[in-house]
Amino acid sequence: MFSFTVRRLGALIPVLLGMAFIVFMMVRAIPGNPAQLILGQQASKEAVAAMTTKLGLDQPWHIQFFNYLGGLFTGDLGVSIKTNTPIAEEIWPYLAATIELAIIAMIIAVVIGVNAGIISAWFQNSWFDYIAMIIALIGVSMPIFWLGLMEQYIVAIHFDLLPTTGRDNIRDPVEAITNLYLLDTLLQGRFDQFIEVVRHLILPSIALATIPMAIIARMTRSSMLEVMRSDFIRTARAKGMRMFWVVYKHSFKNALIPVVTVIGLQTGLLLGGAILTETIFGWPGIGTYIYDAINYRDYPVVQSGILVIAFIFVIINLCVDLLYAAIDPRIKYK
Amino acid sequence: MAEIVNNKSPLTRQPAEDTAISPWKEGWRSFKKNKVAVIGLLIVVFFILMALFADLLAPYSYEAQKLANKHLAPSSEHWFGTDEYGRDILSRIIFGARLSLWVGFFSVAGSVIVGLVLGLLAGYYGKWVDMIISRVFDILLAFPSILLAIAIVAVLGPSLRNALIAIAIINVPTFGRLIRSRVLSVKEEEYISAAKAVGMKDGRIIFQHVLPNCLAPIIVQGTLAIASAIIECAALGFLGLGAQPPTPEWGQMLAESRAYILQAPWTVLFPGVAIMLTVLGFNLMGDGLRDALDPRMKN
Amino acid sequence: MKKTSWIVLICILALSTALAGCNSSKESSSGNGSGDVKTSGGTLIYGRGADSTQLDPAITTEGESFIVTEQIYETLVNYKKDNTEIEAGLAETWDVSDDGLTYTFHLRDGIKFHDGTDFNAEAVVKNFKRWAQSKDEAKFAYYASMFGGFEGDEGHVIKEVKAQDEHTVVFTLNRPQAPFLKNLAMSMFAIASPQALEKYGDDFTKNPVGTGPFVFKSWKPGDMIEVVKNEDYWQDGLPKLDGVKFKVIKDNSARLNSLIKGEIDLMDGLNPSDLGQVEGDSKLQLFERPSMNVGYLGFNVEKAPFDKKEVRQAISHLINKEELIKNFYEGTAEPAKNPMPPSVSGYNDEIVDYDYNVDKAKELLKTAGLENGFEMDLWAMPVARPYMPDGQKVAVAIQAALKEVNIKANIVTFDWGTYLEKVQAGEAPVFMLGWTGDNGDADNFIYTLLDKDNIGSNNYSRYSNDELHDILIQAQSNPNEKERVELYKKAQEIIHEDAPWVPIAHSKPQLAGIKEIKGFFPHPTGTQSFIDVTLGE
């Protein structure tokens, strides 16, 4: 077990190197030059040329790549072309904003999704099953950017119940400690601000949770059904409802494998897919940070931003793999 | 402690290749009984017909402008109202079905084919093949998918075709992994060991035993994927990276109308409903197909 | 089960280590702590679409940074509140020699930088030396483009900047430059504290120190910049506000929602389509920025068939400017017939515009031998610009108009940076673009955008006309304003006839704010000081 973990961790290095390389090449394959954007429309040709040299973008790509890699090994994520600030310094607030949003969304998705799935499966063809699955189907069919727009239009603008954009009250901004505002406000004992932060979280996290919640509910239900058809469970069911909790435990565990896969995949989708939600709700997260950087040709930010996300994501996937092993004893650590 | 799951006899696992009625025929029979699935099928057929006969159905041209007719509210003349160019939204939605379905089908076909090959190789052969393929999947999956699509489109240039390619690429690992994990658990089954022991060739094992076991999940995942491909296409369009104006792509229509949500909410409402309905249709149909085609799911 | 929880623990540990690695963030701030003291003025929250890139005006080239630096810094001379005429700034008075080669500025007494050091002639000299001697085209791009390069360059306008005494600075020029004073009033030529420049070095971009009415307080990147009242400001009773917060809310509609909900006080970049929304809200008011821009459809005159004047004129007849303005500017623009806006001195109002006339267009196309139409690429801007809130939509409308004479236009777009680069390189046959004036001088429109000297730079049409060139060079160094006006009027006639562009509109960008705001005048250059704005009760 331990050596399996170590080996998986070791296997991360080529993945991260591969990613660094792919991102590096891809970003540079995008036509366009950040020098032009930094200097703007009024800039002269000479100015653009001088800026290109200054940014080191006229060097051969392999030299640029190895310079970048060399930096990574010393913990240097590079310097943003746009803000001229070390990325390691400026990335955390964006990352924290997304993590907070993603965690809340994932909690909503898993708690509601898994339970709805299990209950639906157990009471297959009941009214609960029908309603839950119709909601799940509509949920999974939902273009979240449209849902976000509608939420905003109906809840925030028409009924004026919740704020439309941002993470906190602009007039009373949260003093950042960890940049996870839920935590920060609690640490400072500012319960009024905590409630503001929660109010700001509601619409975007629901929008973001919708699809994974629906997928998880469907997956849970279908794998539960599969498991429940085994003779053991069938017998147990035949004995009546009192067996519910006993069976729950066993069948749940066996139904978990595909569900865990989905949760693993969905977390990644959450981290990246947050970009649409972030765009609509003006959430200052990592998705928009990177998206803007792509548009600005801020190469170092695109590279390092994606690498940081990937790093988190790869670790989450490692956990998923380890959980597989824990859940399904038939998979051996070869 | 989880051994109970595993007590199915190898025989029930065998695809019914030598039973009298083909499982597909039987599947269709049970599919017809499933009302929800039939509704899904009808929705899908509805949109397919709409796409095929768009020229006949649309009351107006999807691109003819009449600037004076800007933002007319829904009426008997323009059922879904008009947009900021005075174009009929209903006509644009009807033509938009063509684009969304096209992207949905072809991008998923691409991802399934590539994902299937890679997933089978990885799962069945294991060792270094698995190692390499899984690493490639890891790398691709470790990119936030929408960002990866955005980057691919940024390299290729924004257009509907490039959006399709990008969507196909980002969905490959999803299928690959799904199939790989299926193969992994099937491989542990006794009958595969038995087949190996009697000297059955790899190719035959894959096609006779492993592949049929993967089919049901591919169908389930495939419908979900067509659905999500349509959404992803719309998302790229929404970000201005998919179809370009005046193409009536639904996501692009949303992006164009977004600024008018307060004055003309119908311009935002209908394209979104169109996306949702199409996707819903595929999901309902996919569910029905799963129930019908996977023999283990039958009551 | 034990095993599972053990794994979960590993995962949590691994993740938290990973995250702790990035947690070295810090908020850049150089507080002076006066933010919490409640006096009468109140803090204005200004919502805008993007963050500043950095706060050294000399380096900056984009508007979002100038909006902030304008509060912190001041220039030797200023523009008037609502036009680009010159009035006193840090220099109280100035004398110009008859040959237009020597400018003597008499500086105000008793002004201090925010760091407590004195503002004096030496500080001015040091700032100009910093720019002129840098020879860093990438860093001080604006200096080079407004003053003809750097020290030692052939075209360099400024020969010498000398401190005559504590409060007198003398500029000696190599050649007369008609818009010299207007250039000095531009935001980028603001005077920074020499001591702070030295102290912060490269970090000066994040620690701005000037003489302006507001002092930099804090900057949360991508989110908010805060400036607070300069208690020792040299003009008594100013500024009236306690401070200004510049809040980034990217989406125009979202920003308006925040304004309606009272989360912000003032916003720029109002969608023209939201005008009605603001007008119908009794708590809000509109502010209109006087137009100093032009949005246009340009032809690459080197590419067939746009090398033919008739084709360009034909297309000019096909564009219904009134309708475009009605639908995509919501009336917040004037139709354009010249490449410069009417507010700029030298505008030729006698020009008769090409009318919207499909028959004439057909005739002209026939003359050019293209009566059967042709196919072309129409490049459309990917982003909203002040001169054209939605280039894509205008392009789609133009596409439909061209169809009437069988011209099939394919809309092409790239991201903004690539777009500019490719248009500059002459790759686009027909393109949408525009220009916002820097200093309100005709030279900054006509010479910059249409002279042959600027092909490969801002003359995206690659239009070259020797007669025009001679006129423009004459106008550049002629200090007589009347003669200049005549020269520019003549220039516009030539351009009208050749039609290298279809000028579309001079837009009047809209801002919206709460009713309580008083004393706010959006400046035509796009940036203005909040010095005497109040949030009156």
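Visitor: Over residues 85-456 of chain C, how far apart are the end C-alpha atoms?

Guide: This is a predicted model. A UniProt record, an unreviewed entry, places the feature "domain: Solute-binding protein family" at residues 85-456 of chain C. The span is 27% helix and 23% strand. Its end C-alpha atoms are apart by 31 Å.

Visitor: What is the helix content of residues 97-286 of chain B?

Guide: UniProt, again in an unreviewed entry, gives residues 97-286 of chain B the feature "domain: ABC transmembrane type-1". The end C-alpha atoms of these residues lie 19 Å apart.

Visitor: Is helix 11 of chain B largely enclosed or open, and why?

Guide: Helix 11 of chain B covers residues 250-257, eight residues in total. The buried ones are W250(B), G251(B), Q252(B), M253(B), L254(B), E256(B) and S257(B). Because seven of the eight are buried, the rest of the structure leaves helix 11 of chain B largely enclosed.

Visitor: Which residue has a side-chain oxygen that reaches the backbone nitrogen of G251(B)?

Guide: The place to look is the start of helix 11 of chain B. There, a side-chain oxygen comes to within 3.1 Å of the backbone nitrogen of G251(B). That oxygen belongs to E249(B).

Visitor: Which residues of chain A does A154(B) touch?

Guide: A154(B) lies in helix 7 of chain B, residues 145-156. Its relative accessibility is 19%, under the 20% limit, so A154(B) counts as buried. Leaving out residues up to four places away in sequence, A154(B) touches I30(A), P31(A) and I294(A).

Visitor: How many helices does chain A have?

Guide: Chain A has zero strands, and its elements from the N terminus on are written α-α-α-α-α-α-α-α-α-α-α-α-α. Of its 334 residues, 62% are buried. The number of helices in chain A is 13.

Visitor: Is W127(A) buried or exposed, and why?

Guide: W127(A) lies in helix 6 of chain A, residues 127-140. Together with Y130(A), I131(A), I134(A), I135(A) and I138(A), W127(A) forms a nonpolar surface patch with about 660 Å² of accessible area. In an α-helix, residues three or four places apart point the same way, because there are 3.6 residues a turn. The relative accessibility of W127(A) is 65%, over the 50% limit, so W127(A) counts as exposed.

Visitor: Which side chain makes a polar contact of 3.3 Å with that of N465(C)?

Guide: N465(C) sits in the loop between helix 14 (443-450) and helix 15 (466-477) of chain C. N465(C) is buried, at 16% relative accessible area. Not counting residues up to four places away in sequence, N465(C) touches I494(C) and D498(C). The polar contact of 3.3 Å is with the side chain of Y463(C).

Visitor: What is the phi of R462(C)?

Guide: R462(C) is found in the loop between helix 14 and helix 15 of chain C. At 16% relative accessibility, R462(C) counts as buried. R462(C) is a residue other than glycine with a positive phi, near 55 degrees.

Visitor: What is omega for the peptide bond between A304(C) and P305(C)?

Guide: P305(C) lies in the loop between strand 14 (293-299) and helix 9 (309-318) of chain C. The peptide bond that joins A304(C) and P305(C) is cis. Its omega is about 0 degrees.

Conventions:
Residues are numbered from 1 along each chain as its sequence is written. Chains are lettered from A and ligands numbered from 1 in the order in which they are written. This is a predicted model: local features need pLDDT of at least 70, side-chain atom pairs count only at pLDDT 80 or more; totals for chains, interfaces and linings use all residues. Side-chain values use heavy atoms; hydrogens and water are left out. Patches are made of residues with over 30% relative accessible area and no salt bridge: like charges are joined within 9 Å, nonpolar side chains (Val, Leu, Ile, Met, Phe, Trp, Tyr) within 5 Å. Accessible areas come from the Shrake-Rupley method with a 1.4 Å probe; for residues, only the protein chains shown count as cover. A salt bridge is a side-chain nitrogen of Lys or Arg within 4 Å of a carboxyl oxygen of Asp or Glu. Helices (H or I, at least four residues) and strands (E, at least two) are DSSP runs, numbered from the N terminus. Buried means under 20% relative accessible area, exposed over 50%, partly exposed in between (1.4 Å probe, protein chains only). UniProt positions are given in the numbering used here, feature names are shortened, and annotations may be inferred rather than shown by experiment. A polar contact is a pair of N or O atoms within 3.5 Å; within protein, one must be able to donate a hydrogen and the other to accept it, and residues adjacent in sequence count only if both atoms are side-chain atoms. Contact means heavy atoms within 4.5 Å.
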